[in-house]
Amino acid sequence: MLPLSDGIPARRFPIVNLSIIVANFAVWLFYELPHLRSAIFHASFYPCTVNNSCHGPESWGVSWITSMFLHGSWDHILGNMLFLAVFGKNVEDAFGPIRYLLFYFAGGFVATITQTAMTLLFGTTAEAHVPNLGASGAIAAVLGAYFVLYPNSTVRGLVVIFPVQLSAWFFLGAWFLYQLIEANFGLFGASANGGGVAFFAHVGGFLFGLIVALVLTRVGRVAPQDGGQPARVPA
């Protein structure tokens, strides 16, 4: 299912979420498309750089950030940005722009480290050398937070050409279950051109977002209201 709307308008302009989307498209159009293979090679994240079993073009401390803005195809970037546009605006609305920006990057880091740990512990040497890229780990964190903050919202989307409406808790719960099942089938790698999918990054990102949102609600920094629309407590 492709989500198109959640029916909850943001109370303030989602400047950070929109800026992240613009940045991803700018990197895709002006950095990747002219030389896709070399761009992916130089700016992706390589798990083997973490345990020094290889030397990547950039250190892992830099490439975990650059890889978050890379995509391997039009389908890859359009799918990721669609999910971020639909779900990110309301999470930013609840968190506030600064907290949301920090949360987004922290989610991407946790997702990358989760995937890397599983690859190095259980994957092959070849899989540790596969370039990892994409915004989906950070976006998974956004989905995890949304799952906590807006469980009663209605996600409207399309299955092929047929319009569908599902509750957010069902749609995102099913999405997470799928990632978890696929991750446990051992698809450890994430490649640029349709190879493996970094399912453990999705799992790690989603759980991170879910835990952060739960903690923030419990300490009173974000207070969900009935109907799925939270009120943010000023920092």
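Modeller: Phenylalanine 105 is partly exposed, with a relative accessible area of 24%. The model is a predicted one, in which local features need pLDDT of at least 70, side-chain atom pairs count only at pLDDT 80 or more, and totals for chains, interfaces and linings use all residues. Residues are numbered from 1 along each chain as its sequence is written, and side-chain values use heavy atoms, with hydrogens and water left out.

Biologist: Why is phenylalanine 105 called partly exposed?

Modeller: Buried means under 20% relative accessible area and exposed means over 50%, with partly exposed in between (1.4 Å probe, protein chains only). The value for phenylalanine 105 is 24%, so the residue is partly exposed. Tyrosine 104, at 0%, is buried.

Biologist: What makes phenylalanine 83 and phenylalanine 87 an aromatic pair, and why is the pair called tilted?

Modeller: Rings of Phe, Tyr and Trp (its six-membered ring) pair if their centres lie within 6.5 Å; planes under 30 degrees apart are stacked, over 60 edge-to-face, and the rest tilted. Here the centres are 6.0 Å apart and the planes at 40 degrees, so the pair is tilted. Both residues lie in helix H4, 4 residues apart, which means a separation of about one helical turn. Helices (H or I, at least four residues) and strands (E, at least two) are DSSP runs, numbered from the N terminus. Phenylalanine 83 is buried at 15%, and phenylalanine 87 is buried at 0%.

Biologist: Why are tyrosine 104 and phenylalanine 105 called edge-to-face?

Modeller: Their ring centres are 5.9 Å apart and their planes lie at 85 degrees, so the pair is edge-to-face. The count comes to 17 aromatic pairs. Ring pairs also link Phe83, Phe87, Tyr146, Tyr150 and Phe171 into a cluster.

Biologist: Which residues touch the most other members of the largest nonpolar core?

Modeller: A nonpolar core is a set of buried Ala, Val, Leu, Ile, Met, Phe, Trp, Tyr and Cys residues joined through side-chain atoms within 4.5 Å. Of its 48 residues, Leu84, Phe87, Phe95, Tyr100 and Tyr104 touch the most other members. Helix H7 gives the most to this core, with 10 residues.

Biologist: How do you know that the buried residues of H8 line one face?

Modeller: Among the buried residues of H8 are Phe171, Leu172, Trp175 and Phe176. Seen down the axis, the buried residues fall within an arc of 130 degrees (taken from the directions from the helix axis to the C-beta atoms), so they line one face of H8.
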